[in-house]
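Here are my notes on the two-chain model you sent. Please read them with the structure open.

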Amino acid sequence: MSVLSNTGGGILKGMRLTFKHLFRPWITVQYPEEKLAMSKRIRGNQVIWVKETCIACLACARACPVKAINMEVSRGEDRKLKVDHMSIDFGLCIFCGLCVESCPTKNAIYMGCGYETTTYRCTNVEKAEGQSFSECRCRELILTGDELGPSETRVLSGYDRPDAAEKLPLQTLLINKKGYFER
Amino acid sequence: MSDFWIHLLVYLVILFGFVIVSVLIFIWLERRLIGRFQLRPGPNRAGPFGLLQPIADAIKVLIKEDIIPSEADKGVFWLAPLVAFVPVMLMFAAIPFADGVMLVDLNIGILYILAVSSVTVIGIFMAGWSSNSKYSLLGAMRTIAQEVSYEIPLVLSILGVVMLTGSLSMNEIVKAQDVPFILLQPLGFFVYLSAAMAEVNRTPFDLLEAESEIIAGFHTEYSGMKFGLFYLMEYAEVLAVSAIATTLFLGGWQGPLLHPVFWFIAKVLLVFMFIIWVRATLPRLRIDQVMAFGWKFLLPLSLANLVITAFEILIAPDINTAVLIGINIAVMFGLILLFSRFYKLGGGRVSIK
């Protein structure tokens, strides 16, 4: 044991370390202004349905464990199945991705990258006979038809869709933030 | 007669303004700096650089519901924040902002400040006792144990300065500092700052509000403006401690070129930032560690400092200042190393039958 051990040297060492920290860039992400790129295979709070490629096979509706997908199909005059009505209740959806995995076309239904689905208002859908209050659905969360399609805010996620993943940017990790591990 | 009243009124307004504004700035500075120490930006939403954050906090505290526990001793519960806060305000009466710029130039200035600052403990104990809550009471008991113990090294470390100056007046002490006393009394400054941080319950010694053990200590049951007053009291105490450290050890308002008030405030901020730095570094101590540090480490150190100062004054009054500074710093490191060698926890006997 040297003369200097156990004489408060640890405190000085710690003080030096915290002083160095003072001049490091912070690692906080200032959320609404700054956003991290999420994983390419994110299961966000969106399910995106592409009307044009859908073959109306109802596989997704059957795969859904919570019966959130409401799809009505009928045979057209050319004997092909077409979708009459498609709506997904995101109040019910658990974002498990089973509908995406079950789709035989592999390009008709996708998970979305978005995770900001907060709404300011929630209007209840009329209560049916014998339905309890908690079973009432929120109108803002039920998306129908074209609302389900891809748009600027509804970006296709690479979940179970490698071709969609290729178009997405790399995920930001704090490790990649410059200047944090240096110095 | 009328001059006296005008002087009193003007200084009361200045002191209140100074304390309130400084506390707001201190809260902002502390939160920003602690943020930077922990690699986060700190509050930056309210106003530019988050400057309005303390004001937002103050408004929040002011409009909060004021809850009094039903089993509380209501009279004492009401009085406690006042008894804790008023002495802290009184301390500023004898602190010089510039040459003679103070409410009263008491010839026993530092003694008065020490005497008044001790009264705060009573307010804290009133709060802890009247809240009728075990957490409050435990926090208050810890405070008393801690503050009464640390008062002794605190006073002894200040005595060194008083011996050098030969005066208890704060203004005289500043005037006597051709060389800041931190150089002539490095050991005294070390002991003073450690003991003062324990006195005002800053982080390594903030046992009375150890969140993980006793929620918030003595002000657990307080809310609204009464809590705000305690909060104000804590920061005002830190301000007072920084101001006393500045006055006694760092040359007070003395400084070249710029206005004395500027130097005073700059030095106070410097001491405060050092305290934040320590807070950002050191974890909270255990109660036995705090008591042992006070009684077994700081007290003998401050006594040794007193003896050494007396020797320097009596035996070598005409020694060259530079040599004296060198000797003092060497003696400080030597003594700290020596006392750390012999410092150990426990040693007393505790038997539980």
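1. The model is predicted. I begin with a helix pair between the chains: helix α1 of chain A (residues 9-21) packs against helix α11 of chain B (residues 260-281), at an angle of about 105° and with the axes 9 Å apart. Angles of 65 to 115 degrees count as roughly perpendicular, so α1(A) is roughly perpendicular to α11(B).

2. Which residues make this contact? From α1(A) they are A:Gly14, A:Met15, A:Thr18 and A:Phe19. The α11(B) side supplies B:Trp277, B:Ala280 and B:Thr281. By class, the residues of this helix contact are four nonpolar, three polar and no charged.

3. Next, the contact between the chains as a whole. Chain A puts 14 residues into it and chain B puts in 12. On the side of chain B that touches chain A, the elements giving two or more residues are α1 (2-37), α11 and α13 (321-342) of chain B. That side of chain B comprises eight nonpolar, two polar and two charged residues. Please keep the two helices called α1 apart in any figure: α1 of chain A spans residues 9-21, while α1 of chain B spans 2-37.

4. On domains, the assignment for chain B gives domain 1 as 1-53 and domain 2 as 60-342. The C-alpha centres of these two domains of chain B lie 19 Å apart. Their contact takes 11 residues from domain 1 of chain B and 12 from domain 2 of chain B. How does the domain 1 side of chain B divide by class? Where domain 1 touches domain 2 in chain B, domain 1 has nine nonpolar residues, one polar and one charged.

5. Turning to the strands of chain A, β2 (residues 69-75) and β3 (residues 81-89) run antiparallel and are joined by seven bridges. A:Glu72 has A:His85 in β3(A) as its bridge partner. Five residues lie between the strands in the hairpin of β2(A) and β3(A), and in this hairpin A:Arg79 takes a positive phi near 65°.

Key
Residues numbered from 1 in each chain as written. Chains lettered and ligands numbered in written order. Predicted model: local features only at pLDDT ≥ 70, side-chain atom pairs only at ≥ 80, totals over all residues. Axes fitted to C-alpha atoms, helices over the stretch in contact; angles between N-to-C directions. Helix = DSSP H or I, 4+ residues; strand = E, 2+ residues; numbered from the N terminus. Parallel < 35°, antiparallel > 145°, perpendicular 65-115°, else oblique. Contact = placed C-beta atoms within 7 Å. Nonpolar A, V, L, I, M, F, W, Y, C, P; charged D, E, K, R; others polar. Domains from an automatic or database assignment. Pairing = 2+ DSSP bridges.
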